[in-house]
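Load the model and keep the selection tool at hand. The stops below say what to pick next and what is there.

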Amino acid sequence: MDDATVASRQRQQQPASLATTKDSRAMMAELDAPLHALGFEMEELSPSRLTGRLPVTRICCQASTPALPFKVLHGGVSALVAEALASMGAHMASGYSRVAGVQLSINHFRSAALGDTVLAQAVPVHVGRSTQVWEVKLWKMDPSTGEKGPQIAESRVTLLSNLPLPEEHKRAGDALKKYASKL
């Protein structure tokens, strides 16, 4: 599948209201630089649920060499999405105090191919005084309906929460606060 075909397929899979815009790219750049670099788009952003989508592009795929990718989503990218969403959610759920991931477990059930779109959802399982546990699920989007298709991965992320926030990071939650009210 060439790059033009992949781009066309991904545009067809996106609802018109979620078409990539300069604003959504700027939002992701502010919220999470690694997710932004991969093309992730946030749809919901709250302390109780985060959702978004990731177009599977060449940069997201496993590769035997950079010129010859295997054309399936790299498992490390799935783990990056899980850690990022859980961390953002835990940061908001803790009242914007500092959080730190201490454990991530991920199971991969099936692959997502180059050109697919992956839907992601993170929800808290436990929000305590000193720890949080988040569940993150990834599905391949059904191109005919734009809805969730088969689940491709599931992750559990444990984070320490309510850690002291160093003075130089007091504004760390500003972007989350700004965009949580808009989505």
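**Overview**

Colour the chain by secondary structure: the protein chain has 5 helices and 8 strands. Helices here are DSSP runs of H or I with at least four residues, strands are E runs of at least two, and both are numbered from the N terminus. Starting at the N terminus, the order is α-α-α-β-β-β-β-α-β-β-β-β-α.

This is a predicted model, where local features need pLDDT of at least 70, side-chain atom pairs count only at pLDDT 80 or more, and totals for chains, interfaces and linings use all residues. Residues are numbered from 1 along each chain as its sequence is written, and side-chain values use heavy atoms, with hydrogens and water left out.

Now colour by accessibility. Of the 183 residues in the protein chain, 40% are buried. Buried means under 20% relative accessible area, exposed over 50%, and partly exposed in between (1.4 Å probe, protein chains only).

**Stop 1: the largest pocket**

Select Ser 87, His 91, Val 99, Ala 172 and Leu 176. Among the 15 residues that line the largest pocket, these lie nearest its centre.

The search runs on a 1 Å grid over the protein atoms alone. A pocket is an open set of points with protein on both sides within 12 Å along at least five of seven lines, and a lining residue has an atom within 4 Å of a point. The volume is about 310 Å³. That is the space filled by probe spheres (1.4 Å) set on the points, with points joined across faces, edges and corners.

Colour the lining by residue class. What is its make-up in nonpolar, polar and charged residues? The lining divides into 8 nonpolar, 4 polar and 3 charged. Ala, Val, Leu, Ile, Met, Phe, Trp, Tyr, Cys and Pro count as nonpolar; Asp, Glu, Lys and Arg count as charged; the others, Gly among them, count as polar.

**Stop 2: salt bridges**

Side chains of opposite charge can pair when their charged atoms come close. The rule used is a side-chain nitrogen of Lys or Arg within 4 Å of a carboxyl oxygen of Asp or Glu. The count is 5 salt bridges.

- Select Lys 178 and Glu 30. Their side chains form a salt bridge at 3.3 Å, N to O. Lys 178 is in helix α5 and Glu 30 in helix α2, so the pair ties together parts 148 residues apart in sequence. Lys 178 is partly exposed at 37%, and Glu 30 is partly exposed at 42%.
- Select Glu 44 and Arg 49. The N to O distance in this salt bridge is 2.9 Å. Glu 44 is partly exposed at 31%, as is Arg 49 at 32%.
- Select Lys 140 and Asp 116. Their salt bridge has an N to O distance of 4.0 Å. Lys 140 lies in strand β7 (residues 131–141) and Asp 116 in the loop between β5 and β6 (117–127), so the pair ties together parts 24 residues apart in sequence. Is Asp 116 buried or exposed? Asp 116 is buried, at 5% relative accessibility, whereas Lys 140 is partly exposed at 21%.

**Stop 3: charges over rings**

A charge sits over a ring if NZ of Lys or CZ of Arg is within 6 Å of the ring centre and within 35 degrees of the ring normal. Select Lys 148 and Trp 139. The charged end of Lys 148 sits over the Trp 139 ring, 4.0 Å from its centre. Then pick Lys 177 and Tyr 96. Lys 177 lies over the face of Tyr 96, at 4.8 Å from the ring centre.

**Stop 4: backbone angles**

Most residues other than glycine have a negative phi, and most peptide bonds are trans. Stay on Tyr 96, in the loop between α4 and β5. Its phi is near 70°, a positive value. Move to Lys 71, in strand β4 (residues 68–73). Phi of Lys 71 is positive too, near 65°. Lys 71 is partly exposed, at 34%.

**Last stop: the end of the chain**

Select Lys 182, in the segment after α5. Lys 182 is exposed, at 59%. Draw a distance to Leu 45: the C-alpha atoms of Lys 182 and Leu 45 are 8.8 Å apart, across 137 residues along the chain.
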